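Work through the following exercises with the sequence and the coordinates at hand. Each task is followed by a stepwise solution.

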Amino acid sequence: MAGHKRAALASEDIRDHNLGIVLATLDRGGAAARAELASATGMARSALSNLSTVLLEHALVRASAERADRGLGRPLERLEIDGAHIVLAGVYLQVDAIVTLAVDLAGRVRYEERVDAPTPPGDPTPVVEQLAGAVTRCRTALAAEGVAVRSLDLVVAGVVPRGSDIVQYALDFGWMGVALRSLVQERVEPFPDGIRLAGDTQYAAFAEFTALKAQDAAADLESIVYIRSATGIGGAVIADGKIFGGANGTVFTPGHTIVDPHGALCECGRRGCLVTVADPELIVDHAGLHDLRRAAGLPAALAEFIARVRAGDAHASAALEDALLWIRMIVDNAIMMYAPQAVVLGGYLAEVCDRIRGLHGTTLDVLGVGGLRGQQAIVPARLGDSAPLQGALTLRRRALLAAPGRSGLLG
Ligand SMILES: [Zn+2]
């Protein structure tokens, strides 16, 4: 009896695994006919037909009839991911703005909102109220379509160790050790698949990686280094197609990499970190934009700084060139340390990507994937400020697709 049970369980697991392979193949390659799926997955046509029936019954895939390529004969039925009833939400807290995004199992955007919301540093309560409000608006809008949201990804411009419920630090909000997940959880209805908290940089890197890999020239992309400077200087590494986390999930922190052992004392306690010479606040101040930064905030001052550089302003260009000496050093070191195929530069660095590419040939030789080689493999980030949510929700979707039975998608 126990043996039969084990056998039945094992066959359920195998079926779930195979369903996951079919869904992942459709997710990567788009709509496909059963014969194409059989050839892509190496499964027998009959097995594939049985799996398709299960997926169609649960509306995880849908069929679309298209004319056969030759224009004659009967229409070719193609399968594509459906799952319009399975919706995942995310909310991203950044300085003075909250972005909300919800996608369904196929990755179609089902809800999107961006609100400018003051995020005064200190007591997290007002910010938590804003986050809860954003979550509730998203749920209400989707409920009107008859859809219940399964899960919430809470992403914050700060550092959250892997699997932690606590923001270790988020200097922009003046937070150290804030239990953000529980604070939000107390203010919203529970989600069937729960609430997950994470920092923004790794997810942003994963989203940029996915977007770059979707280009024909970079289809074989498996590893990138991502460096972003907007408030501070953050980074992440994607290796073998996955976020490379290190011991606590926070690899890597270019801003607090030592570039001058005899340099100024950093707020982190070390001496000569990159931020002591190339923090964006320092750069805009050097460019003569200190008053604007104090009055209108760093994002506005950085935008004005870039506009002045573009207009050929000598003062701004000199401040930029001073900073880029250090930024190039960190990009060079990161390439030598992680040997990525490409480097993606975000924040204001995306605007000055051309000026960072002039690295030594020995370093540039490390880079390269498909049609992107050397300097061309140092690219600007292309996604907007919903990038961290896109990354988080893509990973959530892929986890569901990989094991639909175990994820509870089969009823
Ligand atoms: Zn430091």
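Two strands pair if DSSP finds at least two bridges between them; helices (H or I, at least four residues) and strands (E, at least two) are DSSP runs, numbered from the N terminus. The model is predicted: local features need pLDDT of at least 70, side-chain atom pairs count only at pLDDT 80 or more, and totals for chains, interfaces and linings use all residues. Residues are numbered from 1 along each chain as its sequence is written.

**Exercise 1.** Determine whether Ala399 is buried, partly exposed or exposed.

Step 1. Helix H14 (residues 387–402) contains Ala399.
Step 2. A residue is buried if 20 or more other C-beta atoms, placed from the backbone, lie within 10 Å of its own, exposed if 12 or fewer, and partly exposed in between.
Step 3. Ala399 is partly exposed because 15 other C-beta atoms lie within 10 Å.
Step 4. Its C-alpha atom is separated by 23 Å from that of Asp385, 14 residues apart along the chain.

**Exercise 2.** Summarise the protein as a whole.

Step 1. The protein has 14 helices and 17 strands.
Step 2. Of its 411 residues, 39% count as buried.
Step 3. Along its principal axes the C-alpha trace spans about 70 × 50 × 45 Å.
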